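Trainee: I have a new model to read. Where do I begin?
Mentor: Open it, and we will go from the whole chain to single pairs.

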Amino acid sequence: MTNSNASLPVYLGDEGMTEEIKDMMTSLPRQKGWMVNHTYQFQGFWLPPSLLQGTINCQKHFQAQDSDVILVTNPKSGTTWLKALIFALINRNKFHDCQHQHPLLTHNPHSLVSFLEGVYYNYPHGLPDDVVSSSSSCTRFFNTHMAHVSLPDSIKGSSCKIVYCCRNPKDMFVSLWHFGHKLASQETLVCPIEEAVKLFCEGSFIGGPFWDHVLGYWEASQKNPDKVFFVTYEEMKERPRTHLKRMADFLGCSFTKEEEEEKGMVDEIIRLCSFESLSNLEVNRKGKLPNGIETNAFFRKGQIEGWRDTLTDSLAEEIDRTSEQKLHGSGFKFQC
Ligand code: PAP
């Protein structure tokens with residue numbers, strides 16, 4: 001790690017690049033980032049070097065299987081929550097009998113579901129067996145922040161399922177802003193919030209442009225609803241039962257009447273994965289992930305419209321205006 005990014009998690013840093021990626025970086029458009037030193041434009045999206053390396057290696061080597069489930073999010077859009085929900089959903093029969101303690105009670109969701117770019121950053125040539133088996137014994141379950149255009153061909157070409165969750169940009173931005181301050185306290189890596197909002201609206205943030213990312217999956221879900229399930233954080237918050245059941249139908253593991261009504265499994269999963277439940281577990285209050293991030297960094301407020309205590313009206317309007325322009329004519333809009 002260089003001094004300037006000493007406090008960043010490895011996946012946002014710029015150490016450990018292979019010669020191939022370093023060469024490639026010299027020919028890509030580059031700009032100064034916030035939270036990271038620089039981002040590089042690859043296939044239309046701005047990535048820090050480590051995510052660039054993870055994405056390119058994943059594109060080359062990841063072989064999706066028809067039974068795989070891939071969760072896709074922008075950062076701070078519900079990744080931790082959806083990892084927990086889908087893990088609990090697809091493994092529900094394994095852990096329901098309570099013979100075993102549920103893994104979510106003792107593991108942070110990020111430890112149970114592999115992040116593809118992170119795996120391929122660390123293992124450029126492929127997925128080690130223990131990474132695959134740690135995700136789940138029957139259905140392999142991974143997550144990624146990759147844009148739709150950047151997904152490996154085997155994900156697009158196989159029958160594997162993609163669950164996409166996005167969040168209204170003001171809450172997402174504010175969540176990332178606080179996360180960034182917690183992790184990247186170095187002066188070089190933080191900027192005034194006005195500048196960060198401007199960069200965000202211009203598309204310059206990790207994995208941005210935010211709106212292009214959302215629209216890529218929105219359009220894919222409209223074209224092929226059996227392949228891409230599109231849901232928002234706000235929808236999940238407001239009607240978790242409805243959307244968890246829809247997700248189960250989409251993934252081919254619908255709840256039976258008995259599971260839902262007699263065993264109460266839908267409610268049990270929602271309760272287990274709720275902000276209140278997960279954020280109060282010892283592992284999520286005091287634990288650390290292998291990459292060094294404290295698990296409590298993934299639990300802050302967990303609310304809709306929590307942005308109000310951080311953004312001024314004029315900054316909120318700047319984001320709203322950008323949203324309107326970017327989403328105009330797409331058929332999709334955020335509720336708030
Ligand atoms: P990641 O992409 O870095 O993994 P992610 O989990 O998407 O982060 O985002 C964290 C946000 O989800 C936090 O939002 P906040 O900053 O506005 O509070 C966090 O509080 C929220 N979050 C985490 N777990 C849950 C949950 N179980 N239910 C609802 N929100 C959650």
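Mentor: What follows is a short tour, from overall fold to salt bridges. Keep in mind that this is a predicted model.

Trainee: How many helices and strands are there in the chain?
Mentor: Count 18 helices and eight strands.

Trainee: What does the radius of gyration say about the chain?
Mentor: Compare it with the value for a compact globule. For 336 residues that would be near 20 Å, and the chain has 19 Å, so the two agree. The C-alpha atoms fill a box of roughly 55 × 45 × 45 Å along the principal axes.

Trainee: What share of the residues is buried?
Mentor: A residue counts as buried when its relative accessible area is under 20%. Here 58% of the 336 residues pass that test. The accessible surface is about 14800 Å², with 48% of it from carbon and sulfur atoms.

Trainee: How many positive and negative side chains does the chain have?
Mentor: There are 34 positive and 41 negative ones. The centres of the two sets lie 1 Å apart.

Trainee: How many salt bridges does a search of the whole structure find?
Mentor: It finds 14. One of them pairs Arg140 with Asp68, at 2.7 Å from N to O. Arg140 sits in the loop between α7 and β6, and Asp68 in the loop between α2 and β4, so the bridge ties together parts 72 residues apart in sequence.

Trainee: Are Arg140 and Asp68 buried or exposed?
Mentor: Both are buried.

Trainee: What does Asp267 pair with?
Mentor: Its partner is Arg241, with the closest N and O atoms 2.8 Å apart. Asp267 is partly exposed because its relative accessibility is 33%. Arg241, at 30%, is also partly exposed.

Trainee: Where do Lys245 and Glu260 lie?
Mentor: Lys245 is in helix α13 and Glu260 in helix α14, so their pair ties parts 15 residues apart in sequence. Their side chains meet in a salt bridge of 3.0 Å, N to O. Lys245 has a relative accessible area of 28%, so it is partly exposed. Glu260 has 18%, so it is buried.

Trainee: Which residues do shared partners join into one network?
Mentor: Arg241, Lys245, Glu260 and Asp267. Find these four in the model and trace the salt bridges between them.

Note on methods: Residues numbered from 1 in each chain as written. Predicted model: local features only at pLDDT ≥ 70, side-chain atom pairs only at ≥ 80, totals over all residues. Heavy atoms only, no water. Helix = DSSP H or I, 4+ residues; strand = E, 2+ residues; numbered from the N terminus. Rg over C-alpha atoms; globule rule 2.2 N^0.38 Å. Buried < 20%, exposed > 50% of the residue type's maximum accessible area, 1.4 Å probe, protein only. Areas by Shrake-Rupley, 256 points an atom, 1.4 Å probe, with all protein chains shown as cover. Lys, Arg positive; Asp, Glu negative; His and termini not counted. Charge placed at Lys NZ, Arg CZ, Asp CG, Glu CD.
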